Amino acid sequence: MCGIVGYIGPKPAGSILIEGLKRLEYRGYDSSGVCIYDNGELFIDKCPGRISVLEEKLAGDPRIETGTIGIAHTRWATHGEPNQANAHPHTDDSGRIAIVHNGIIENYSALKQFLTSKGHVFSSETDSEVLAKLISEFYNNGSSTLEDAVLAALGEVSGTYGLAVMCADEPDKIVVARKGSPLIIGVGKDEYLIASDASAIIEHTANVIYLNDNELAILTRDGLRTLTLDNVPVTKKIQQVEWTLEQIALDGYDHFMLKEIFEQPDSIRMSLSGRLDMRDMRIQLGGLDQVVRDLVRTRKIVLLGCGTAWHAGLIGEYLFEDLARIPTEVEYASEFRYRNPIVEEGTSVIALSQSGETADTLAALRESQDRGALTLGIVNAVGSTIARETDAGVYLHAGPEIGVASTKAFTCQLVVETLIALMLGRRRHMSQQTLERYIEELQKIPEKIETVLKQSEQIRDMTAKYIDYENWLFLGRGYNYPIALEGALKLKEISYIHAEGLPAAEMKHGPIALIHDGMPVVFIAPKCGTYEKILGNIQEVKARSGQVIAIATEGDTEVHKHSDHVIYVPDTLEALQPLLTVIPLQLLAYHAAVLRGCNVDKPRNLAKSVTVE
Ligand code: F6R
């Protein structure tokens, strides 16, 4: 996630900005940059890579020492590769207005077109750059102050932002605004700091003002004013930060994995952002524009991935066959690459990867390219090798995933697969009415996940009852069969409990022999086409003295009669159920690991990105 830092006061801004950026490193980033006002001009430097590279570039530049006002940014790429041009700050054409921005500007293409027609020249591929040009458009055409121009520009923008703006013509002022992306103001002695979270500030002051959504603040050397985006003054309270630096990085959570589990409503909102056109009720995926005609005619889809990404692929198989009616196969990337696979004409290969760097997935992708397939990436890390080497793709926009066990990247992979399947389905056979039902329901998913997350403590208490069992089974059918595999993988990788996931009907063909003596068996059993069958499977387990934990649809009393514990999830369309049913299993695995004293964010023998075979 991008980070913002800013300073106005009596001290040299350079070192405060760089130190602040370093404090935000934990959020993940791929480029960084600063803007400092000095001697009538805005001095900007930025580069891809580590903050230390930026620091070296700046070392010895006198403006770092003399400028006492500035803004800085760490970028986690969303639109455009992590390179110098795309790094923030961005400026207007004259270089007199500079901005740093977190969030996504949903209508940036339309704004870019408008601004280009007015003669503005763009130098990056980012959505953020439109903000700098748009503010200058208003500044040079009627707005009398920087804050007026910012207010006017934000009135034209849809999307999310934490924003900081400077202007060389009003050199003692920083204007900041917030909608959907956090921004706080540190209030020191004769100085203000701004940051996306308190970690970049608390070294200097514990007094902070939390800006709310739809608020703007004007920071000057004489004081601070806060307004709503409708230009109504608001009075803000100064509050005390009481967290340590580590607690701030974790945002109050004990582990990154838990934080990322709880971030899923927001990461899914980001993944959907700008892709659901609610006016015309259609799906728009800019990353596929160039290949959409080939994709619609594709004869076969092959999904490639490893581990959790492979599980997302398994659900993709159901989605592409069910919603788009395209024959689909899922392959372990590590098997595909060595299997002498047949890649017939008209095959599209989709690589799923959070990191975009997994060695087996990359090699399998290259193999399929050599054999003539159209290749796509569903990737989280912008500018990663898989993202660069595929013909086209759709980014997850899940934000950086730091916990080793993948959680929010998985649910965003499902979201993106669903969007692609719906877009292709609509172009092939699906009625507009059906598409609209999916669009409406997709929009409700983040809120529904929030209701599941509220059960975290109950899930912990339940998990505690089974914590001494060393062998677990996870069973599901249809769309929820891959969720059984994912539940088992999550449990084993972070709590070291042995767990197997299976399609529920396979139990009879061997694994049923394991069930005795209270063995915990987790059934993913929401109301769906095979619900009656799974009820039968539950009874088979109970008859052999297994203990049943069921994930069921809210209001289902039948499952309750046959289970030892039930965790309820809200009802939704069958194809979207995995987005809800996986959440209790992530929580179960997390709580089991904590109860067993395991190192949740760094499980033994595992690395976040598997870049070797
Ligand atoms: C499990 C997990 C791994 C990854 C796998 C692929 O929680 O995180 O199974 O899913 O190593 O990684 P990416 O998605 O980066 O290709």
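Which helices each supply at least two residues of the shell around the ligand? That was my starting point today, working on a predicted model.

**Ligand site**

I looked up the helices and got two: α11, spanning 307-323, and α18, spanning 481-495, each supply at least two shell residues. Of these, α11 gives the most to the shell, with 3 residues.

Next I went through the shell itself. I found 13 residues around the ligand, and the closest are Ser-353, Gln-354, Ser-355, Thr-358 and Glu-493. I sorted the shell by class and got 7 polar, 4 nonpolar and 2 charged residues.

Then I checked which backbone atoms sit by the ligand's oxygens. At Gln-354, a backbone N or O atom is 2.6 Å from an oxygen atom of the ligand. For Ser-406, I noted 2.9 Å between a polar backbone atom and a ligand oxygen. Val-404 also has a polar backbone atom by a ligand oxygen, at 3.4 Å. How much of the ligand's accessible area does the protein cover? I got 90% of the 400 Å² that the ligand has on its own.

**The sheet**

I moved on to the strands. There is an open sheet of 5 strands with parallel pairing, and I wrote down the order as β18-β17-β19-β20-β21. β18 (328-332) and β21 (392-395) are the edges, each pairing on one side only. Direction ignored, neighbouring strands here are turned by 20 degrees against each other on average.

I zoomed in on one pair inside the sheet. Strands β19 (residues 347-353) and β20 (residues 374-379) run parallel and are joined by 6 bridges. Opposite Thr-375 in β20, I found Val-349.

**Helices on the sheet**

α11 lies across β17 (300-305), β18 and β19, and runs at about 170 degrees to β18. I also looked at α15, residues 408-428, which packs on the sheet and touches β17, β19, β20 and β21. The direction of α15 makes about 140 degrees with that of β20.

Most peptide bonds are trans, and most residues other than glycine have a negative phi. Where is there a cis peptide bond? I found one from His-88 to Pro-89, with omega near 0 degrees. Pro-89 is in the loop between β4 (69-75) and β5 (90-91).

For phi, I flagged Asp-190, which is not a glycine but has a positive value, near 60 degrees. Asp-190 also lies in a loop, the one between β9 (184-188) and β10 (191-195).

Key
Residues are numbered from 1 along each chain as its sequence is written. This is a predicted model: local features need pLDDT of at least 70, side-chain atom pairs count only at pLDDT 80 or more; totals for chains, interfaces and linings use all residues. Side-chain values use heavy atoms; hydrogens and water are left out. A residue is near a molecule or strand if one of its heavy atoms lies within 4 Å of it. A polar contact is a pair of N or O atoms within 3.5 Å; within protein, one must be able to donate a hydrogen and the other to accept it, and residues adjacent in sequence count only if both atoms are side-chain atoms. Accessible areas come from the Shrake-Rupley method with a 1.4 Å probe; for residues, only the protein chains shown count as cover. Helices (H or I, at least four residues) and strands (E, at least two) are DSSP runs, numbered from the N terminus. Ala, Val, Leu, Ile, Met, Phe, Trp, Tyr, Cys and Pro count as nonpolar, Asp, Glu, Lys and Arg as charged, and the others, Gly among them, as polar. Two strands pair if DSSP finds at least two bridges between them. Axes are lines fitted to C-alpha atoms, for helices over the stretch in contact, and angles run from 0 to 180 degrees between N-to-C directions. Contact means heavy atoms within 4.5 Å.
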